[in-house]
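Please read it alongside the sequence and the model.

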Amino acid sequence: MSVINHILDTYAQFFDLNMWGKILADPVSWGLIGTLIILEGLLSADNALVLAVMVKHLPPEKRKRALFYGLLGAYIFRFIAIGIGVYLIKFWVIKAFGAAYLAWLAIKYFIDKRKGDTGHDQDEEAEGINQGGLLIRLFGTFWGTVAAVELMDIAFSVDSVLAAFGVSNQVWILFVGGILGVLMMRGVAGVFLTLIDRIPELETTAYILILIISIKMALTLPLFNIHIESLHFFIILAVTFGATFIVHFMNKKKEASKGNQS
């Protein structure tokens, strides 16, 4: 019963006006929220395109409805995941798993990048969902598609939710960052894709941040018991983003000099 009470207390914080005031008045909190939004956008921009392809077999007027219901489902999942996750993340085993999973994501990205494959080949998704699949047969074309979109949204959200818990354990930062992140991912996916095209180093930065977040999460384990203050952690994130643009301009300068030599 204490577990249920703890989770309900977490949900009650969503409606705590005093917490609202503290978050809105704290620039560091807004910095962390901004980090979550940008991280969500960089990691999930192409996911929005996958979802768009999944509904392409529906009539035009039903596509937006299916994506809208999927968006509602994504919000509900985030709400539930944050409420339960705030409780579970206190257990060192869960925290160790989260840190290891995030580290694996980052390491896998750099291994794939070295091989020349960053995992963005989505030819399979480009074919749309299987219209003879189980969900379509069970729920019909429209609601089966909505269910498929919901499941895909949940799959996409796992990485972002774990990363969010590595950034902060404050409920409102997690909630606001997660909600705005999903909205940004769906609403301006093309902007993030264009940004990555223009500054390709940002994609690498996203996974460097994932690795930094995994290290921060691991340091809080009982074996180390090191807690990084929110301000210091935000400074680390800001420096990482700043270094990205420096590296980008250096790379552009090298490319320009090579072009002049040729």
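What volume does the largest cavity have?

## Basis of the description

This is a predicted model, in which local features need pLDDT of at least 70 and side-chain atom pairs count only at pLDDT 80 or more, while totals for chains, interfaces and linings use all residues. Residues are numbered from 1 along each chain as its sequence is written, and side-chain values use heavy atoms, with hydrogens and water left out.

## Cavities

The largest cavity has a volume of about 110 Å³, and the structure holds two cavities of 30 Å³ or more. On a 1 Å grid over the protein atoms alone, a cavity is a set of points where a 1.4 Å probe fits but cannot get out, whereas a pocket is an open set with protein on both sides within 12 Å along at least five of seven lines; lining residues have an atom within 4 Å of a point. Grid points are joined across faces, edges and corners, and a volume is the space filled by probe spheres set on the points.

The largest cavity is lined by 13 residues, and Leu36, Glu40, Arg78, Ser160 and Ala164 lie nearest its centre. At least two lining residues come from each of α3 (27–54), α4 (60–88), α7 and α8 (171–187), where helices are DSSP runs (H or I, at least four residues) numbered from the N terminus. By class, this lining of the largest cavity has eight nonpolar, three polar and two charged residues; Ala, Val, Leu, Ile, Met, Phe, Trp, Tyr, Cys and Pro count as nonpolar, Asp, Glu, Lys and Arg as charged, and the others, Gly among them, as polar.

## The second largest pocket

The second largest pocket holds about 340 Å³ of space and is lined by 15 residues, with Ser168, Asn169, Lys216, Thr220 and His227 nearest its centre. Helix α7 (134–167) and helix α10 each supply at least two lining residues, and the largest share, three residues, comes from α7. The lining of this pocket comprises five nonpolar, seven polar and three charged residues.

## Helices α5 and α10

Helix α5 (residues 92–115) and helix α10 (residues 201–219) pack at an angle of about 155 degrees, their axes 8 Å apart; axes are lines fitted to C-alpha atoms, for helices over the stretch in contact, and angles run from 0 to 180 degrees between N-to-C directions. The two helices are therefore roughly antiparallel, a term for angles over 145 degrees.

## Methionine 19

Methionine 19 lies in helix α2 (residues 17–25), and, not counting residues up to four places away in sequence, touches Gln13, Val171 and Trp172, contact meaning heavy atoms within 4.5 Å. The C-alpha atoms of methionine 19 and tryptophan 172 are 7.4 Å apart, although 153 residues separate the two along the chain.

Key. Angles under 35 degrees count as roughly parallel, over 145 as roughly antiparallel, 65 to 115 as roughly perpendicular and the rest as oblique.
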